[in-house]
Amino acid sequence: MGRTLENKKEIVADLKETLSESTLALVIDYQGLTVSEITDLRRRLRPSGTVCKVTKNTLMGIAIKGDDKWQPLSELLNGSSAFLLVKDDFSSAIKAYQEFQKVTKKTELRGGVLEGRLLKEPDVKILGDLPSKEQLIAQIAGAINALATKIAVGINEVPGSLARALKAVADQEQSGGSTETAVVEDSSTESTAEADSSTEAAAE
C-alpha cells in the first residue's frame, strides 16, 4: 500500500526536524540489509546521538528544498538511501558505522554534508579519525585537573611565603625597637648625669 499524502507530509516534517538538530548527514546505500541488520546499525549509532532514517530520496529532497545547509545532499540522492543524521559526535558515529560495515560486509558510504559542504568518502574518514566527544571531554578534564593542581600548589606556597615575609618584618621591627629603647635609656642616663652635676654646682 502506498503512503498517503498526509503520511508523506508527516515524514517530511520529521526529517526537517531531525535535520535542524543535526550538524552532519551521511548517506549510505543500504541495499541488501535485513531488518535486523538495520536495527543493529541503529543500536550501534544510538550512543553517539545519531539517528538512522530509511526513506525515499524524493521525500528527503522535499525536506532539504530551500535549505542551503543541506542542499548538497541532493547530489547523493540515488538508489536505496539511508541517512545517518549526526548531532555533534562525528567521530563516534562514523566509527560505529565503520564497525557495522566491517561486520556485515554490506552497505556503501556515498558521502555526506557538513555545514553546507559536500563530503566524499575520504573526507568522512578524516572526520572519523578525530577524537570522539568522550575523548575530548577526558582531555579537557585532564587539562583542567592539571591546571587546578598547579593552582593548588601555588596556593599552598602562599602561607609559607607570607609567614616568611611576616617574620622578616617582625625581626626588623624588633631590631628597630631595641635600638629605640637603647636611645631612650642613653638619654635618661645623660639627663640623670646632668641633674647630678647641677645639684653639685648648687651645693658648692
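I take helices (H or I, at least four residues) and strands (E, at least two) as DSSP runs, numbered from the N terminus. The model is predicted: I use local features at a pLDDT of at least 70 and side-chain atom pairs only at pLDDT 80 or more, while totals for chains, interfaces and linings use all residues. Residues are numbered from 1 along each chain as its sequence is written, and side-chain values use heavy atoms, with hydrogens and water left out.

**Entry 1. Overall layout**

I counted six helices and five strands in the chain. Along the sequence I read the pattern α-β-α-β-α-β-α-β-β-α-α. For burial I use relative accessible area: buried is under 20%, exposed over 50%, partly exposed in between (1.4 Å probe, protein chains only). Of the 204 residues in the chain, 29% are buried. I then looked at contacts (heavy atoms within 4.5 Å). Of those in the chain between residues at least 6 apart in sequence, 80% join residues at least 24 apart.

**Entry 2. Helix 1 and helix 3**

I took axes as lines fitted to C-alpha atoms, for helices over the stretch in contact, with angles from 0 to 180 degrees between N-to-C directions. The axes of helix 1 (residues 5-20) and helix 3 (residues 57-64) come within 9 Å and cross at roughly 55°. Angles under 35 degrees count as roughly parallel, over 145 as roughly antiparallel, 65 to 115 as roughly perpendicular and the rest as oblique. Helix 1 and helix 3 are therefore oblique to each other.

I noted the crossing of helix 1 past helix 3 as right-handed; a crossing is right-handed if the near helix is turned clockwise from the far one by less than a right angle, and left-handed if anticlockwise. From helix 1, K8, I11, V12, L15, K16 and L19 meet L59, M60, I62, A63 and I64 of helix 3. By class, I find nine nonpolar, no polar and two charged residues in the contact of helix 1 with helix 3. The classes are: Ala, Val, Leu, Ile, Met, Phe, Trp, Tyr, Cys and Pro nonpolar; Asp, Glu, Lys and Arg charged; the others, Gly among them, polar.

I looked up A63, which lies in helix 3. A63 counts as buried because its relative accessibility is 5%. Leaving aside neighbours within four places in sequence, A63 contacts V12, L15, K16 and L19. I also noted 9.5 Å between the C-alpha atoms of A63 and K9, 54 residues apart along the chain.

**Entry 3. Helix 2 and helix 4**

The axes of helix 2 and helix 4 come within 9 Å and cross at roughly 150°. That makes helix 2 roughly antiparallel to helix 4. I noted a right-handed crossing where helix 2 passes helix 4. On the helix 2 side I find E37, D40, L41, R44 and L45, which meet A93, A96, Y97, E99, F100, V103 and T104 in helix 4. This contact of helix 2 with helix 4 has seven nonpolar, one polar and four charged residues.

**Entry 4. T50**

I placed T50 in the loop between helix 2 (35-45) and strand 2 (51-54). T50 is buried because its relative accessibility is 7%. Leaving aside neighbours within four places in sequence, I find T50 in contact with L45, L84, L85, V86 and A93.

For polar contacts I take a pair of N or O atoms within 3.5 Å; within protein, one must be able to donate a hydrogen and the other to accept it, and residues adjacent in sequence count only if both atoms are side-chain atoms. The T50 side chain makes one with the side chain of S48 (2.8 Å).

**Entry 5. R110**

R110 sits in strand 4. I list R110 as buried because its relative accessibility is 16%. The R110 side chain reaches the backbone oxygen of S80 at 3.1 Å. Beyond four places in sequence, R110 contacts V27, I28, D29, L76, N78, G79, S80 and S81.

**Entry 6. Loop residues**

I found Q31 in the loop between strand 1 (24-29) and helix 2. Q31 is exposed because its relative accessible area is 60%.

Most residues other than glycine have a negative phi. I noted a positive phi for T107, near 70°, and for E115, about 50°. T107 is in the loop between helix 4 (90-104) and strand 4 (108-114), E115 in the loop between strand 4 and strand 5 (117-119). T107 is buried because its relative accessibility is 14%; E115 is exposed because its relative accessibility is 55%.
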